[in-house]
Amino acid sequence: MAAPSAPPGPETAATPPERRVTPARWLRENLFSSPSNSLLTLITGLLLAWALVSFGRFLLITGRWDIIEVNLTNFMVGGFPRGQLARLWVAMAMMTIAVTISAGITSATAAEAAIAADRDPSVTVRERVQRAGPPLVLLFVMIVFVRTWLPLALLAGVLVLGVGGFRVGRRLPARWRGRAGIGAVLLIVVALTAISSFGGVSRDAWGGLLLTVYYTVGSLLLAFPIGVALALGRRSSLPVVRAGCGIFIEFFRGSPLIALLFVGWLILPFFLPVGFPTPDLVTRALIIFVLFTSAYVAEIVRGGLQSIPRGQLEAAQALGLSPWKQTRLVILPQALRNVIPALVGQAISLYKDTTLVLIIGQIELLAVAQNVTQQEAFIGQGYIAETLVFVSLIYWVGSYWMSRESQRLEARLGVGTR
Amino acid sequence: MQPTEQAASVRDADGHRPPPWRDVRVIRVALQVGFVAAALGTIWWLYSNLANNLARLGIRRDFAFLDQSAGFTIFGSDFSATSSIRVALWVGLQNTLRVALLGIALALLIGIVVGVLRLSSNWLVKRTASIYVEVLRNVPPLVLIIFFYLAVLQTLPGISDAATPGDVMVVSNRGVWLPWVELGTGTGAFAATAAVAVLAAMLVAAWRRRVHDATGRPHHRVLWGGGTALVLLGLGYLTLSPPISMSIPLLEGRSVTGGALLFPEYAALLVSLVLYTSAFIAEIVRGSIQAVPKGQVEAAQALGLSSWDRLRRVVLPQALRIAAPATGNEFLNLSKNVSLGVVIAYPELLRVGRQAIGNGQPAPQILLIVLAAYLGVSLVLSLGVNIANRRLQLVEH
């Protein structure tokens, strides 16, 4: 696209002649450049071929995938009452719109940052295919296993909404972006609460991927403000506040999450006043996830705060802004933009950590994979490999895709290059 | 909360003090007192709730239970049900450290190798290494643990028809028996010989070093020193009675004699954590190597160093410095992740604590001990990492 580039001059004549890379030459240079290299190629090739062939055989021939087909709804929602599934579709549509609008806004912001930094903001076709790859794989697998038409039609509807949301977000005028972001967060909160409120399904009946997503999204949303506050506290000029926030952060970062979940499971109710109704297990686990995540978010945000040059603060002071406004209007917006990729990294690790709630007896995705092998039709036949591979795929696609997108975002926002 | 209050002056131009509610010093003290009061108040509130609840339920708040007999056994150790809870938790901590320390060593080794391979000039090797990294680090460690435990180790043959590959090991779903060394009668004498050999090697190496400094002739101190040690060790091995003997596991019906038993729980936990963490370390190593300025490699090439020497003497030492803090973080993560062993009942600290709670011991105290122990392990590890880090940084000057 129209990226500003160096004016044509004598340099253009100095570019090296284009090398023609024939397949044979490519092979020689990349695989057989020396005898030892050829040997290495051979050994690696054999190992890789063996691994791919065994895995391919398992996928296509020996794997018995009927257990997934029969239990697909269990994997998605666990014991969620089947009569109430419509609520989930509505919630999913709302969340899709919220996420895609935010993604559109982020994409537009990143493109502007790229233009401002003299980098090409355009996206090549190859890049688009690579980006769409992982979710398409998951979509394909779902389509293979879905046995009725209704879910497919609904899924297509959600996809259309998603594409629409992205386009709207992309074209939103800059002054509406902030409000749209807050709106998106509110929409997610409403979607998640709408599942259980208004005569809905109590969260103790939730399961499968639904519970995984709930823990991930819920803890991130709640942990973010706490984490920012902790980070500001840890950089405060008041020594007592600094120390207090530091102790909190280091305690939660030094403890294993699963031990903390045991605390939430077994003794958190004891910390409430006598006679106070005991919160349900999902709430207790969520509290632990929020506290744990907020400590990590705090450290990430602190890194962002430290990356802001001192001149920014001095400029804000020179303008006569109050300390609170210096932080809110000058420091935080820049700091947070710098740490978006690291925050995505935290989201990935939270997504993977939600598996731990199976140890305190919650039926999330991984627990479903174990439990369905105990069904009458499948027990004692070693179906565990199939179900584990299936849920691994869901985890893998989710975190691989998020990490790819965050790397891309990092490059486009130009973090560390300004 | 505001980072910039201290710079304000206390008196204005006419020498008037500002009123206390606008005096920065007063505000700062008041804010901190308020913070402490809020924090202590919250802690006191939580603690009094805990005390009331425990009193209501008749649960004791002291640590006297530590000396009661445990009432459960821990497999893989000689811990008996009559020993105290204190000993049980200690065994659990040892089991935690057993996985953590070996896991850290193996993950570091594999991580460095894979990280270097990711930058190989060989396209296939590079791709294979990146598949390794991308597959392993995007899957929850718990999935790996359960996979290795249930889908790999539990599908091995039962003990009565266990596999005995090469007749040197026994492979069954109750565990894998590996050939192991046993100490013989001459161990003490041989150890003494070995100490002498090492000392002699060091002396010889120092002598070669002096020769090199004085004459400039190549010192070959590794060759000389190593040779001396090998000759002495060989002599000792031949003249003394054999210091060690191999113990080969032997399957007889449903029992195995000899060899060393690798428990499936231990193996599954160790392998999963090593694979998972090594993928992260590989990424750190790759990033650090790429962060070494290109000029360094080119300078080494210009000096005529071989590609191995370039890596070992120029690139890796500098990359190590960059990689140290992040790698230390991964060590901490691995040691905390050992607690995931609770899902396959590997008797690490948390699992032992859970067994004790199941036997009616008070959960608050047990979990407090478990958390404190894990925090302690983290603290010691991060202290070690910090020291190593500082030493690495000092080399620069």
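**Notebook: helices and interface**

I found α10(A) and α1(B) roughly parallel to each other, because angles under 35 degrees count as roughly parallel, over 145 as roughly antiparallel, 65 to 115 as roughly perpendicular and the rest as oblique. The model is predicted: local features need pLDDT of at least 70, side-chain atom pairs count only at pLDDT 80 or more, and totals for chains, interfaces and linings use all residues. Residues are numbered from 1 along each chain as its sequence is written, while chains are lettered from A and ligands numbered from 1 in the order in which they are written.

I looked up the geometry of this pair: α10 (residues 239–254) of chain A packs against α1 (residues 24–57) of chain B at about 30°, with axes 8 Å apart. Axes are lines fitted to C-alpha atoms, for helices over the stretch in contact, and angles run from 0 to 180 degrees between N-to-C directions. Helices are DSSP runs (H or I, at least four residues), numbered from the N terminus.

I listed the contact residues (C-beta atoms, placed from the backbone, within 7 Å): V240(A), V241(A) and G244(A) meet Q32(B), F35(B), V36(B) and A39(B).

I then took the whole interface, where 55 residues of chain A are in contact with 52 residues of chain B. On the chain A side, α17(A) gives the most, with 10 residues.

Lastly I examined α5 (residues 187–215) of chain B, which has 29 residues and reaches 41 Å from its first C-alpha to its last. I noted that G216(B) follows α5(B) and has a positive phi, near 80°.

Definitions and conventions: Helices (H or I, at least four residues) and strands (E, at least two) are DSSP runs, numbered from the N terminus. Two residues are in contact if their C-beta atoms, placed from the backbone, lie within 7 Å. The expected span of a helix is 1.5 Å times one less than its number of residues.
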